Structures are given as structure tokens and as C-alpha cells.
Amino acid sequence: MDFELWLNKLSDLLVTAGVPAANGPTAALGLIFLSLTLLSLAVVVLLLKRNLRSDDGQEVAVEADEEISDHAESGVAEDAVPDEAEEAPVEESLQAQVELPVAEESDSLFQRMRLGLAKTRSSLVGRMDSLLGSHASLDREFLEELEEILITADFGMQATQELVQALTGRLKEIDQNNPGQLHKVLGEEVRARLHTGKPDWPIPESGPLVIMVVGVNGVGKTTTIGKLAKQFADQGKKVVLGAGDTFRAAAAEQLEVWGERSGAEVIRHAEGSDPAAVAFDSAKAAVARNADVLILDTAGRLHTKVNLMEELKKIRRVVDREIPGAPHETLLVLDATTGQNALIQARTFQAAVGVSGIALTKLDGTAKGGIVVAISSQLDLPVRLIGVGEGVADLRSFDADEFVAALFAND
């Protein structure tokens, strides 16, 4: 009876809307049928989407990426190590990750730098030139808009204000009809805020050079280590790699693939082991093998997690006990695409573990390359390495003159 009552009410509504009275009940039944059909289709579509997402998640789970879970809170199970049946596809995936393109010999190093900074150059220099063309004079309004451009390119507030103040005193040197003059003056001021010269790696009094690599999740630490190991090996140096990231699935396997490519020996423990124990064995092995360089990988961690920072301090103490003075370099890897957050990370790691140099990756993937200036001018840290491409040669020593020339030089 309830159904008939609702059917009659719906029929009356349809008649009120203009449906002939004789057709009211039929139209009401048709409308109910149509509604139920659409609802059924919606349920089917949602179920299909859910299944597709589940399949995608299973595929992603075997990929060796740079992300890890917060192991300090959740821990790692003993059975987390994949069995032999699962190792083959992981190895193939890791091999694909490190088969990076090699630049043609005809490509000049400077040209690759220009290409790597193309996004930043287009955003910064292109907008500066447009700004010049839209102002009748180089007045306060011009400087305020230029300040906005610099901040947008992640030069940071402090460096931006310093640059604008310096430019205010040099406006007479700039002909607004000649953009090259603005490029030249701004380039000189930027250069003055960058560390001078190419930083050389420390030379230890005895034993191998020890480089401990730190950073948050996903910035490219392992890839940076692999490229750096290959570069040291190409210089004829004997390299040992310590697989201290024992918490990320397949991290050690990824490092081993890099080790095979560069001819470096990799010291590793089982997944979930104490990273300090890996550092201890790596130091022992590097000394025993008369290695020239030992590079220690560490697990990615949020810079806000104090307990995880304490783990890095423990690694430092262990290595220093085995190789006095080590690590000789604590290299912080930062992702340039994260902008000002990279500056925050640098401050926190510097305070916690005494960072001595920066490796800035993915500079070719951002229009905010001004972060190089922000880091160099606001922190007493050299930017040692920058990544301007995927090739091994595209991880390169930072040269302030080359950086400024690639960013501001006329075509």
C-alpha cells in the first residue's frame, strides 16, 4: 500500500507538471524505473574504479622509489625482505632506474647548464624584460614589481630585499631600452651573494674520504650517491658504498645496481637492521680495502622528527670512532622544486648534524632556481653539487660564475 500511495503522489505531481491525467501512473512508473537504472549504473562504475585503483596500487608497491614510511613509529617486520621469487622484477625495475642517458660529447658543459636552467631563465629573465618594456621609467613601482618576480623565483625574502636595495643604487647604470644592462647588473649582484669558486672535497689526513649523505624522503639521495660514485670511479678512485637506508624497501638493492655500474663495493645488512651497524661495517671495509672514498647512504627522514635526527648523530659517532675525523663531508641533498621548504630543511639539518655542503637536485625541473641564491646567501653553506638533468654528467660541481652566466648571459 505504501508503494501505491507514493506512486499516486508522484503521478499527481507529474499531472501538475503537465502530463495528461490518463498517462500519470505510467509516467510515474517510468520515472521510478529510470532512476533505479541510473543508480545501478553509478554503483557499477564506482566498483570498477575501485578495482582499477587496487590494481594500480599493487604495481606501484614493487617500484623502488625514494619514499619511506616513518620507521621510528611503525617499525619494519622481519618478513619484509622479499623472497627469491619476488627479487627478479625488482632488480629489473632498479636496473631501469639507473640506466640514465649519457650526454653527447659534442654537448658543451655550459650548454647543458643553460638547458638545465631553462625554466628558471624563462620565468625570471623573460618576466624582467617584459617589466622593462611596460614601464616608462625605472621608478619605485618598477622595483616593487621586480621584487615580486624575484620572490616568485624563490630567491627568498632576505636575498630579494638585498638585491632590490643594491639595484636601487645602480639604476643609473641601466638603460631601460637595453635589457642586457639589467641582466648584467642583477647578475653581478647575484654573483656577489654566492660562494666563490668550485668547492673541493676535503682531503683526510689518513684513510678514505667519508661522505655521509642525508636528506628528507624523495629528494634523490640514492641517485645522487650513484652518480657521485660513478664520477669518482671514472677518476680512478676506489669507492665503497654503505647502504645505511635499511628501512626503505629495495633501497639496498637500488644502491647495489649503482655499485655494479660504477664498480663500487656495496656494504649492506638485512632490511630493518641498525643503520649505525651498517656504517660501522662500511668504515671497516673501506679501511681494509684501502678505498679512496666511502659514501654512506642514510634513510630519508622528516627534518621535524628529533628521534630520527638522533640516529644520524649516532652514525656520525660510530664512523668517527673507526675513521678519526669522519665523516669529512655531510652532504645534504635538497630538491630544488620544493623551493623555500628546502631552505627550512637545510637550517634544521645543519643545526642537528653539522651539514657541510648542499647537493641541489632537479634544478632543471623548476622555474624557481633562485633557491640556489637563497641557500648560499642565507646559510654559511656551499652548494657543492647541482643536478641539471638525468645524465651522470648532469650532477656537477656548482660554479657560481657558470651559474650566473647561464642564467643572465645574452643569447
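Okay, let's start with Glu188 and Lys184, whose side chains meet in a salt bridge at 2.7 Å, N to O. By salt bridge I mean a side-chain nitrogen of Lys or Arg within 4 Å of a carboxyl oxygen of Asp or Glu. Because they're four residues apart in helix H9, residues 179-191, Glu188 and Lys184 are separated by about one helical turn. Helices here are DSSP runs of H or I with at least four residues, strands are E runs of at least two, and both are numbered from the N terminus. The structure holds 20 salt bridges.

Quick note: this is a predicted model, so local features need pLDDT of at least 70 and side-chain atom pairs 80 or more, while totals for chains, interfaces and linings use all residues. Residues are numbered from 1 along each chain as its sequence is written, and side-chain values use heavy atoms, leaving out hydrogens and water.

Now, how do H6 and H7 run relative to each other? The axes of H6 (118-133) and H7 (140-152) come within 10 Å and cross at roughly 170 degrees. Those axes are lines fitted to C-alpha atoms over the stretch in contact, with angles from 0 to 180 degrees between N-to-C directions. So H6 and H7 are roughly antiparallel, the word for angles over 145 degrees. Their contact (heavy atoms within 4.5 Å) includes Leu124 and Met128 of H6, and Phe142 and Ile149 of H7.

Asp154 has phi near 65 degrees, a positive value in a residue other than glycine.

Last stop: a cis peptide bond joins Ala326 and Pro327, with omega about -5 degrees. Pro327 is in the loop between helix H13 (306-322) and strand S5 (329-335).

Methods. Angles under 35 degrees count as roughly parallel, over 145 as roughly antiparallel, 65 to 115 as roughly perpendicular and the rest as oblique.
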